[in-house]
Amino acid sequence: MELLHQLCQIHAPSGNEVKMKEFLLHHVQEQQARWKARPQILHGKGFQDCLLLVFGEPRTVIFAHMDSIGFMVRYGKQLIKIGGPVAEAGYTLVGEDSQGKIECTLEVDEEEHELRYHFEREIERGTELVFKCDFRETEDTVQSCYLDNRLGVWSALQVAQTLENGIIAFGCWEETGGGSVGYLAKYIYETYGVTQALISDITWVTEGVRAGEGVAISLRDSLIPRRSFVQKIIQLAREANIPHQIEVESVGGSDGKELHYGPIPWDWCFIGAPEDNVHSPDELVHKKDIYAMVDLYKHLMQKL
């Protein structure tokens with residue numbers, strides 16, 4: 001889990017994913033000689049801070065968003081949210097501005113409905129602050145900030161080790177509503193003709209999706225993907241005897257939204273391990289669900 005630990009520590013809130021992109025690019029260049037197939041690596045002009053790995057003759061793409069939730073310094077000592085982080089007084093936040101590294105404390109003014117920070121000096125406006133990483137591993141679980149979605153990224157990297165045909169797309173801005181998957185999807189469709197997508201992200205533990213009982217395959221959240229495609233995925237999971245759970249929700253969303261609303265006939269499905277303590281410094285995921293997630297993605301990338 002050392003790679004996952006490293007990923008959880010990287011500063012990459014929505015809109016500033018460049019450090020994560022650079023880390024992944026270095027990791028791929030360093031590790032690809034050990035993989036079953038070497039991918040074509042696409043990044044730079046036209047891709048902003050996104051990264052595409054193209055293997056062989058792709059039929060399916062995995063989308064995994066690199067960004068996290070966090071906070072941004074407004075004026076004075078005010079903070080505003082990046083995405084939807086849990087905001088409890090006393091959380092430790094870290095970041096950096098032109099004056100140096102920052103480790104400060106989150107304050108919540110209930111009367112003014114305002115978030116602030118406590119620090120020895122004023123932090124430069126526009127500075128991003130994220131949860132300080134406290135990575136905890138037991139025999140059964142992993143706990144840390146930003147398992148959503150560093151775990152989705154980690155899972156995709158495990159799949160890359162044996163992938164022969166497929167695309168892995170590391171995108172940006174998901175936590176604040178998307179923005180990169182639209183143009184990535186257009187490029188992938190126009191260049192490779194691919195119209196099947198798997199969303200490698202992390203979902204919630206609920207009364208119907210429980211920790212330790214397998215990876216969640218989502219029939220719907222706020223959107224409803226094409227039923228026949230999702231049923232094909234469920235059937236493949238059953239045939240391979242990979243532990244899985246069926247998720248049915250009325251709210252929430254993912255990178256699938258940009259595919260769903262776009263003009264290209266994408267089939268897509270959200271598949272991810274469930275976590276507890278969502279969007280907090282203490283996100284908790286069961287290792288059985290992590291390994292089931294990797295196994296299912298490897299199987300689907302072969303069979304779809």
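The model is a predicted one. I noted that C8 is buried, its relative accessible area being 2%. For C133, the nearest cysteine sulfur belongs to C145 and is 4.4 Å away, and C133 is in no disulfide. A pair must have its sulfur atoms within 2.5 Å to count as a disulfide. I recorded C133 as partly exposed because its relative accessibility is 22%. My search of the whole structure returned zero disulfides.

I then turned to the nonpolar cores. The largest holds 79 residues, and F63, F170 and I271 have the most contacts inside it. Another core, of 18 residues, lies apart from it and includes V73, L79, L106 and L129.

Which residues does F63 contact, leaving aside its neighbours within four places in sequence? I listed A169, V181, L184, I188, A197, L198, I199, S200 and L259.

I followed S200 next, and placed it in strand β13, residues 196–200. S200 counts as buried because its relative accessibility is 1%. Beyond neighbours within four places in sequence, its contacts include F63, N149, G152, S155 and I271.

Finally I checked helix α3, which runs over residues 147–160. At 1.5 Å a residue, its 14 residues should span 20 Å, and I found the end C-alpha atoms 19 Å apart, which agrees. I also noted that α3 is mostly covered, with 14 of its 14 residues buried.

Key:
Residues numbered from 1 in each chain as written. Predicted model: local features only at pLDDT ≥ 70, side-chain atom pairs only at ≥ 80, totals over all residues. Heavy atoms only, no water. Core = buried A, V, L, I, M, F, W, Y, C linked by side-chain atoms within 4.5 Å. Buried < 20%, exposed > 50% of the residue type's maximum accessible area, 1.4 Å probe, protein only. Contact = heavy atoms within 4.5 Å. Helix = DSSP H or I, 4+ residues; strand = E, 2+ residues; numbered from the N terminus. Expected span 1.5 Å × (residues − 1).
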